[in-house]
Structures are given as structure tokens and as C-alpha cells.
Amino acid sequence: MKNYWDYYSTMKTAVDKAKTEGRAEGRLEERIANARSLKENGVPLDLIARSLGLTATEIAAL
């Protein structure tokens with residue numbers, strides 16, 4: 001029974017970590033999409049950087 005619970009705990013931890021990483025990646029993709037849209041609409045880079053938490057270099061590369 002201990003082996004089962006050890007395995008369960010390991011798998012649960014791995015799944016939780018993957019979900020957390022996936023959510024963080026999705027949020028970053030959304031911020032990049034928003035930055036690209038704002039840049040296309042003529043919003044100043046420094047304002048986009050402050051608002052979305054990205055660097056001016058990241059935004060300029062879009």
C-alpha cells in the first residue's frame with residue numbers, strides 16, 4: 001500500500017507542476033498577444049512595458 005501512495009504522490013506532484021507551468025506559459029502568451037496588438041495600434045512601448053510587465057526589448061522584437 002505504501003508503494004501505491006508513493007506512486008500516487010509522485011504522479012500528483014508531476015501533474016500539478018505541469019498544470020502550473022502550462023498556466024504560466026499561457027499567461028505569457030496572452031501578454032505577448034496583447035503587447036503585439038497595442039504596438040500595432042500605436043501605443044508607446046514604455047506604456048506597454050509598464051502595463052504588461054514585459055521589457056521594452058521584448059516588445060520591440062514583436
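Arginine 50 and aspartate 46 form a salt bridge, with 3.9 Å between their closest N and O atoms. The term requires a side-chain nitrogen of Lys or Arg within 4 Å of a carboxyl oxygen of Asp or Glu. Side chains of opposite charge can pair when their charged atoms come close. The structure holds 1 salt bridge. The two partners are 4 residues apart in helix H2, so about one helical turn separates them. Arginine 50 is exposed, at a relative accessible area of 63%. Aspartate 46 is partly exposed, at 47% relative accessibility. Buried means under 20% relative accessible area, exposed means over 50%, and partly exposed lies in between (1.4 Å probe, protein chains only).

**Basis of the model**

This is a predicted model; local features need pLDDT of at least 70, side-chain atom pairs count only at pLDDT 80 or more, and totals for chains, interfaces and linings use all residues. Residues are numbered from 1 along each chain as its sequence is written, and side-chain values use heavy atoms, leaving out hydrogens and water. The pLDDT is the predictor's confidence in each residue, from 0 to 100. Its chain average is 86, and 100% of the residues score at least 70. Confidence is lowest in helix H1 (residues 2-40), at a mean of 85. It is highest in helix H2 (residues 45-52), at 90.

**Overall form**

The chain has 3 helices and 0 strands. Helices (H or I, at least four residues) and strands (E, at least two) are DSSP runs, numbered from the N terminus. The radius of gyration is 19 Å, well over the 11 Å that the globule rule gives for 62 residues, so the chain is more spread out than a compact globule. That radius is taken over C-alpha atoms, and the rule is 2.2 Å times the number of residues to the power 0.38. Along the principal axes, the C-alpha atoms fill a box of roughly 60 × 15 × 15 Å. Buried residues make up 10% of the 62 residues. The chain exposes about 5,000 Å², and carbon and sulfur atoms supply 58% of it. Accessible areas come from the Shrake-Rupley method with a 1.4 Å probe; for residues, only the protein chains shown count as cover.

The buried residues of H2 are Ile48, Ala49 and Leu52. They cover an arc of only 100° around the axis, which puts them on the same side of H2. The arc is that of the directions from the helix axis to the C-beta atoms. These buried residues pack against H1 and H3. The face turned away from the buried side carries the exposed residues Arg50 and Ser51. Glycine 53 follows H2 and has a positive phi, near 75°.

Isoleucine 59 lies in helix H3 (residues 56-60), and isoleucine 32 in helix H1. Contact means heavy atoms within 4.5 Å. The contacts below leave out residues up to four places away in sequence.

| Residue | Relative accessibility | Contacts |
|---|---|---|
| Isoleucine 32 | 28%, partly exposed | Leu54, Leu62 |

Isoleucine 59 and glutamate 40 are 19 residues apart in sequence and 11 Å apart in space, C-alpha to C-alpha. Isoleucine 32 and glutamate 58 are 26 residues apart along the chain, with 8.7 Å between their C-alpha atoms.
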